[in-house]
Amino acid sequence: MGRSLFQTLYARLALGLFLLLVIVGGLFTALSLYSVREYSAAVSQELNRDLARNLVSDRNLVTDGTINRSELERLFDLYMSINPSIEIYLLDQEGRILSYSANPARIKRKHVSLEPIHRLLENPDAYPLQGDDPRSHDRRKVFSVTPVPDAENPTGYLYVVLRGEEYDFAESMVHSDSLLQMGGGALAISLFVGLLAGLVFFRLLTRRLSRLTARVEAFEAEAKGAMNTGDADETGVPGDDVDYLAARFDQMAARIAGQLELLKDKDHQRRQLVAQVSHDLRTPLASIQGYLETLGMKQQELSPDERRRFLNVALAETLRLSRLVDELFELAALDARERQPYAEPFMPAELLHDVVQKHRPKAEQAGVNLSITSAQPAMVLADIAMTERVLDNLIGNAIDHSPKDAEVELSVSADSDGVEICVRDAGEGIALADIDHVFDPFYQAPGAIRSGHAGLGLAIARRMAELQQGRVSVDSQPGAGARFSFWLPLADSAAKESTAL
């Protein structure tokens, strides 16, 4: 199953671009609104910086060096009607509010800071400069101010807030409607165009990576199908295409390293196999050649009994050589899977009795007693000929390694999964260092007495067991004999597993 769209690098880049554009658009909008407000405030203060002084002179607010209170009240009423965007306050020299042209219920301050007032009077070009807004405890507004009654003998200040509460209300209405609609539309179009251009660019940038990821996924799916097992890693790799390819590269590197180690091991085994095969072939050939040459050169000097003995030895070595070649071909065919089992249901207990009868003469000749301690009836689905060959090798191996007057015990037991056939001998046992190699071809423990066999019987037995979905194992202690176990699945279990495969 392929990776989802949201797991691709392209999708993640697209999502990152979208979020980036949204953040940039939001910051741009906020900065734009802030800049517009500051610019508007600066323009308003620049245009109206002499408003307070003009009001004093134009409205005759100062008469004979004092403030004309009645005229001031008329000024308040007038500007509340014709220009509610400004608010006029009369302050004393301490900044306390004496009177104002505003709704008394909305006034929150009784005092405003004189610091920005002094700064603006000292430097009229210092704009935008904000002072306290009497309608709020924390809000500040641009203003115009002039000392009253005059600058030479001031007793207070005429403090004009240029962007009063009515102006804020009107501005918020404009921003919330037309300005925000125009700005939002322009921003949306810009974001869409930027996002579309980014998607096209990212697609061009990542398409080769996407094709490479698809090829790796196809190769992985084909490899899993070829293996036809559930051992492959089905866990999804978290992350995007780069993470996926990195994980698959690590798996491939580990697999190649494992295969290289396996090849080294196989090459070492091949060298040992060639050396062992050469030795095992050379020994009977040399013996045959020696006896036949002796017969050829000294035929007239040898007695009939000696000639008969030489011929019997040569014939025995020929049979040994023939058996070795047959086992080599058989092992090669099993490794190449040229020989496949023909599965059919049968009872291993009955087959075991037949095999024991076949080996009883050899056992009697070696002074070994074969006994079946238990034979639980159960049906398996396996190849009868292969199963018989496995039992031949296990029983023959037990007879060869059992001392005279010893007993080889055989048993058949069954459980819910399969049938186990056990062959226990009373031989010298297997050392712990050798027990992992007893099923290797041509393996013989160091110092072991060569029995005339090539060491292929147990290797053939394991191969045949595995071809039938079974297994062969050994349990042994030095000096306590060995116990070989041959396990085969029950007929029902084997049929279900074959159907699943």
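The structure is a predicted model, in which local features need pLDDT of at least 70, side-chain atom pairs count only at pLDDT 80 or more, and totals for chains, interfaces and linings use all residues. Residues are numbered from 1 along each chain as its sequence is written, and side-chain values use heavy atoms, with hydrogens and water left out.

The chain holds 11 helices and 14 strands. Helices (H or I, at least four residues) and strands (E, at least two) are DSSP runs, numbered from the N terminus. Of its 501 residues, 35% count as buried. Buried means under 20% relative accessible area, exposed means over 50%, and partly exposed lies in between (1.4 Å probe, protein chains only). The accessible surface of the chain is about 29600 Å². Carbon and sulfur atoms contribute 57% of that surface. Areas come from the Shrake-Rupley method with a 1.4 Å probe; for residues, only the protein chains shown count as cover. Among contacts (heavy atoms within 4.5 Å) with a separation of 6 or more, 67% join residues 24 or more positions apart.

The whole structure contains 12 salt bridges. A salt bridge is a side-chain nitrogen of Lys or Arg within 4 Å of a carboxyl oxygen of Asp or Glu. One of them joins the side chains of Glu-388 and Lys-358, at 2.8 Å from N to O. This pair links distant parts of the chain. Glu-388 lies in helix H9 (residues 384–400) and Lys-358 in helix H8 (residues 348–365), 30 residues apart. Glu-388 is partly exposed because its relative accessibility is 27%. Lys-358, at 43%, is also partly exposed.

A salt bridge within a helix pairs Arg-119 with Glu-115. The N to O distance is 3.9 Å. Both residues belong to helix H4 (residues 115–122). They sit four residues apart, about one turn of the helix. Arg-119 is partly exposed at 41%, and Glu-115 is partly exposed at 44%.

Asp-92 and Arg-96 form a further salt bridge, with 3.0 Å from N to O. Asp-92 is buried, since its relative accessible area is 11%. Arg-96 is partly exposed, with a value of 45%. Elsewhere, salt bridges link Arg-109, Asp-132 and Arg-140 in a network.

Helix H9 also carries Asn-397. This residue counts as buried because its relative accessibility is 18%. Leaving aside residues up to four places away in sequence, Asn-397 touches Leu-458 and Phe-484.

Two surface patches were examined. Patches are made of residues with over 30% relative accessible area and no salt bridge; like charges are joined within 9 Å, and nonpolar side chains (Val, Leu, Ile, Met, Phe, Trp, Tyr) within 5 Å. The nonpolar patch comprises Ile-189, Phe-192, Val-193, Leu-196, Val-200 and Leu-204. Together these residues have about 600 Å² of accessible area. Phe-192 is located in helix H5 (residues 165–227). At 56% relative accessibility, Phe-192 is exposed.

The other patch is negative and is formed by Glu-261, Asp-265, Asp-436 and Asp-440. Lys and Arg count as positive and Asp and Glu as negative; His and the chain ends are not counted. The place of a charge is taken as NZ of Lys, CZ of Arg, CG of Asp or CD of Glu. Asp-440 sits in the loop between strand E12 (418–424) and helix H10 (457–467). Asp-440 is partly exposed, at 30% relative accessibility.
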